Amino acid sequence: MKEAVYIETVHQIEQKLYRIAKRLLISHEEAQDATQEVLVKVWQRASELSHVKSIEAYAMTMVKNYCYDRLKSKQASNLSIEYSIHDKSHDQSAAFEAKDRLFFVEKIVNNLPDKQKLIWQLRDVEGATFEEITEVVQMEPIAIRVNLSRARKKIKESLEQIDAYGI
Amino acid sequence: MPMESKEIKELIDRYLAAETTLSEEQQLRTYFRSGKVDTSLNWAKMLFAYSETTCEEQLNHSSVPSSSFDWRRIAAAVAIICVTSFGVYRLQENRQQKKMQLAYQQTKEAFDLIATQMNKGTTTVSYLGYYEKSVSSLINK
């Protein structure tokens, strides 16, 4: 593989990992740590993984596991409390800006259950196929579709509420 | 137009049921990007707009070093090293000078002490002269 191509691939995977980690952990610093940790581990095993597609799926699975571990640990729960406080201040300023509506979408998505959040992120943001999602989340394709459908419907409902009643 | 919106609504229903393919989802994305939509689909416009912007979210390495040398930083570092080392050198020199002065003073004091004691000694010893005189006078008698 040419060096430039390789760097570009790693960069793309890195961004993907970061977005997934940020979706699950919310905090930017935590997501950054997760990305770094996983990239180092992937790097160590890169020779065992033959092609790029498998590296990507492998890295995404690792970042998912890492984030779930973080969420389980006490430290992460403290962080989420911290974040929700920060969230409120943002909320107030955003309430006066009707154009800042995308922020509400983010809030709604972030309030989804972790599993739905992850699947929604993989599908609607990263554009992953169902096979790829299956590999990452280790669930039956049917269960994935159910979770994805629930996530999308939930987002729709919440957004319709905002639309109808204002904020 | 009504035909198209009907088609879109059908696509949306399938999207909500998670039955759309990736290309169909892309179709929805381009549709909602293009502009006006039915108010009942406002939520979808927001959702697709969000998923598209968040896709561009980047991890910025704030701590990545710049590729070229920052000469100003290096110059500053060199200047600091020069100034401190010169200062230390001067300080040491100063201290040595003081030490030497102190040593000189102490030696001088010591010599003074020796001189006064010596004078005392000689005056005392001079009495021995009398003793010798008287002894020799007795012997010569």
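**A friendly note on a two-chain helical model**

1. Let's start with chain B, which has four helices and zero strands. Followed along its sequence, chain B therefore reads simply as α-α-α-α. Of the 141 residues in chain B, 9% are buried. Please keep in mind as you read on that this is a predicted model.

2. Now turn to chain A. How many helices and strands does chain A have? The count is eight helices and zero strands, and the pattern along the sequence is α-α-α-α-α-α-α-α. Chain A has 167 residues, and 29% of them count as buried. Take the contacts in chain A with a separation of 6 or more: 64% of these join residues 24 or more positions apart.

3. Before looking at details, check the confidence. The mean pLDDT of chain A is 80, with 78% of its residues at 70 or more. Which elements of chain A have the lowest and the highest mean pLDDT? The lowest value, 50, belongs to helix H4 (residues 74-95) of chain A, and the highest, 92, to H6(A). Please read one stretch with care: over residues 84-92 of chain A, pLDDT stays under 50, and the model has zero contacts beyond four places in sequence for these residues.

4. Next comes a helix pair to find in the viewer. Two packed helices are described by the angle between their axes and the distance between the axes. Helix H6 (residues 114-125) of chain A packs against helix H8 (residues 141-165) of chain A at an angle of about 90°, and their axes are 9 Å apart. Because of that angle, H6(A) is roughly perpendicular to H8(A). On the H6(A) side, the contact is made by A:Lys115, A:Gln116, A:Ile119, A:Trp120 and A:Arg123; H8(A) brings A:Ile144, A:Asn147, A:Leu148, A:Arg150 and A:Ala151. By type, the residues of this contact are five nonpolar, two polar and three charged.

5. Where do the two chains meet? Here, 24 residues of chain A are in contact with 18 residues of chain B. On the chain A side, the elements giving two or more residues are helix H1 (3-25), helix H2 (28-45), helix H5 (102-110), H6 and H8. H8(A) provides the largest share, 10 residues. The residues on this side of chain A divide into seven nonpolar, six polar and 11 charged.

6. Finally, compare two loop residues. A:Ile26 lies in the loop between H1 and H2 of chain A and has a positive phi of about 70° although it is not a glycine. A:Gln138 sits in the loop between helix H7 (130-137) and H8 of chain A; A:Gln138 is not a glycine either, yet has a positive phi of about 55°. Are these residues buried or exposed? A:Ile26 counts as buried because it has 20 C-beta neighbours inside 10 Å, whereas A:Gln138 is exposed, with 10 other C-beta atoms within 10 Å.

Terms used:
Residues numbered from 1 in each chain as written. Chains lettered and ligands numbered in written order. Predicted model: local features only at pLDDT ≥ 70, side-chain atom pairs only at ≥ 80, totals over all residues. Axes fitted to C-alpha atoms, helices over the stretch in contact; angles between N-to-C directions. Parallel < 35°, antiparallel > 145°, perpendicular 65-115°, else oblique. Contact = placed C-beta atoms within 7 Å. Nonpolar A, V, L, I, M, F, W, Y, C, P; charged D, E, K, R; others polar. Buried ≥ 20, exposed ≤ 12 C-beta atoms within 10 Å, placed from the backbone. pLDDT = per-residue confidence, 0-100.
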